[in-house]
Amino acid sequence: MTITRQDELDGLKEIGRIVANTLQAMARAMEPGMTTRELDEIGRACLDRAGAVSAPQAVYDFPGTTCISVNEEIAHGIPGPRRIAAGDLVNIDVSASKNDFFADTGASFRVGPVSPRIDRLCRDGRRAMEVGIARVCSNRPLAGIGNAIGRFAEARGYTLVRNLASHGVGRSLHEYPEEIATWPTRSDRRRIDRGLVLTVEPFLSTGAQQAIEGRDGWTLYGDPVAPVVQYEHTVVATDRGAIVVTLPG
């Protein structure tokens, strides 16, 4: 999607605020002992109240309202009977639509006390996303996003999962540009158009380089096995940089 009118930006901001508020509500409610299904129900109630529709359910028939991935699961985790425990690393991904506009956001959360290494990984995961967002600007190289994130990760001794990419969003959950690398690449010659709507969502790890699919056909795991965090915003490219639309309010 390429934004050309104010009403389009307003619609995108509305659904962006809804998914951001849903993510925030789920994070605040999360506690040891609750199941991921119970956490997902909180997300479902938030979207229902706002008149929004879960995108993974509507588009892909995903068996949950949101994706909740715990520890060894790094993405597309199915909400279910798994109980969240103190020390867990939990990723929540919320995407939804309203009035034919789609937005996508996500974050990784520490449950209770975790090791300093995981604390640092979480802080740097958010910073990696911010480094990528800072490269979003009209007429800049699309590959600049991944190249900047790659420099950041390498300088701090991290790896990046290289088969989970950012993507276009706005009128559908995944649209052109279908894959935007959040790792260094030299082959992508595309440039960022003014008004382009996209996600920025690096998967930063202490060792994983690929995502592999589990037996359920949905849940993804890191390979090699290592902690992975993901932080994601939906943004709009302008001549002055990125407008982040997935902010709570």
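Q: How many residues does the largest nonpolar core have?
A: In this predicted model, the residues with the most contacts inside the largest nonpolar core are I15, M30, I92 and V200. Helix α1, residues 6–29, gives the most to this core, with seven residues. The size of the largest nonpolar core is 61 residues.

Q: With which residues is M30 in contact, leaving aside its neighbours within four places in sequence?
A: M30 is among the residues with the most contacts inside the largest nonpolar core. In general, nonpolar side chains of soluble globular proteins tend to be buried together. Leaving aside neighbours within four places in sequence, the contacts of M30 are L39, I84, V90, I92, F109 and V111.

Q: How many residues are in the other core, which lies apart from the largest one?
A: Among the members of this other core are I74, V161, F203 and A211. The core that lies apart from the largest one is made of ten residues.

Q: Is T22 buried or exposed?
A: T22 lies in helix α1. Not counting residues up to four places away in sequence, T22 touches G43, C46, L47 and V94. Because its relative accessibility is 1%, and the limit for a buried residue is under 20%, T22 is buried.

Q: Why does C46 form no disulfide?
A: A search of the whole structure finds zero disulfides. A disulfide is a covalent bond between the sulfur atoms of two cysteines. The closest cysteine sulfur to that of C46 is in C67, and it is too far for a bond because the distance is 16 Å.

Q: What relative accessible area does C137 have, and is the residue buried or exposed?
A: A residue counts as buried under 20% relative accessible area. C137 falls in the buried class because its relative accessible area is 10%.

Q: How far apart in space are G51 and V236, C-alpha to C-alpha?
A: G51 lies in the loop between α2 (36–50) and β1 (53–54). This glycine is partly exposed, with a relative accessible area of 46%. In sequence G51 and V236 are 185 residues apart, and in space their C-alpha distance is 23 Å.

Q: Which residues lie nearest the centre of the largest pocket?
A: The largest pocket has a volume of about 420 Å³, and 22 residues line it. The elements that give two or more residues to this lining are α3 (55–60), β4 (89–98), β7 (166–168) and β8 (175–180). By class, the lining has ten nonpolar, seven polar and five charged residues. Nearest the centre of the largest pocket lie H76, D104, H167, H174 and E201.

Q: What is the volume of the second largest pocket?
A: The second largest pocket is lined by 16 residues, with L23, T105, R126, H233 and P248 nearest its centre. At least two lining residues come from each of α1, β5 (101–110) and α4 (116–133). The lining divides into nine nonpolar, five polar and two charged residues. The volume of the second largest pocket is about 200 Å³.

Q: Which residues line the largest cavity?
A: A search of the whole structure finds one cavity of 30 Å³ or more, and the largest cavity has a volume of about 40 Å³. The elements that give two or more residues to its lining are β2 (67–70), β3 (73–75) and β4. The lining divides into four nonpolar, four polar and one charged residue. The residues that line the largest cavity are C67, S69, I74, A75, H76, N91, D93, F203 and Q230.

Q: What is the omega of the cis peptide bond from D223 to P224?
A: P224 lies in the loop between β12 (220–223) and β13 (228–230). The peptide bond from Y176 to P177 is also cis, with omega near -10°, and P177 lies in strand β8. For the bond from D223 to P224, omega is near -5°.

Q: What is the phi of N99, which is not a glycine?
A: N99 lies in the loop between β4 and β5 and is exposed, with a relative accessible area of 55%. N71 is found in the loop between β2 and β3 and is partly exposed at 27% relative accessibility. Phi of N71 is positive, near 55°. The phi of N99 is a positive value of about 55°.

Conventions: Residues are numbered from 1 along each chain as its sequence is written. This is a predicted model: local features need pLDDT of at least 70, side-chain atom pairs count only at pLDDT 80 or more; totals for chains, interfaces and linings use all residues. Side-chain values use heavy atoms; hydrogens and water are left out. A nonpolar core is a set of buried Ala, Val, Leu, Ile, Met, Phe, Trp, Tyr and Cys residues joined through side-chain atoms within 4.5 Å. Buried means under 20% relative accessible area, exposed over 50%, partly exposed in between (1.4 Å probe, protein chains only). Helices (H or I, at least four residues) and strands (E, at least two) are DSSP runs, numbered from the N terminus. Contact means heavy atoms within 4.5 Å. A disulfide is a pair of cysteine sulfur atoms within 2.5 Å. On a 1 Å grid over the protein atoms alone, a cavity is a set of points where a 1.4 Å probe fits but cannot get out, and a pocket is an open set with protein on both sides within 12 Å along at least five of seven lines; lining residues have an atom within 4 Å of a point. Grid points are joined across faces, edges and corners, and a volume is the space filled by probe spheres set on the points. Ala, Val, Leu, Ile, Met, Phe, Trp, Tyr, Cys and Pro count as nonpolar, Asp, Glu, Lys and Arg as charged, and the others, Gly among them, as polar.
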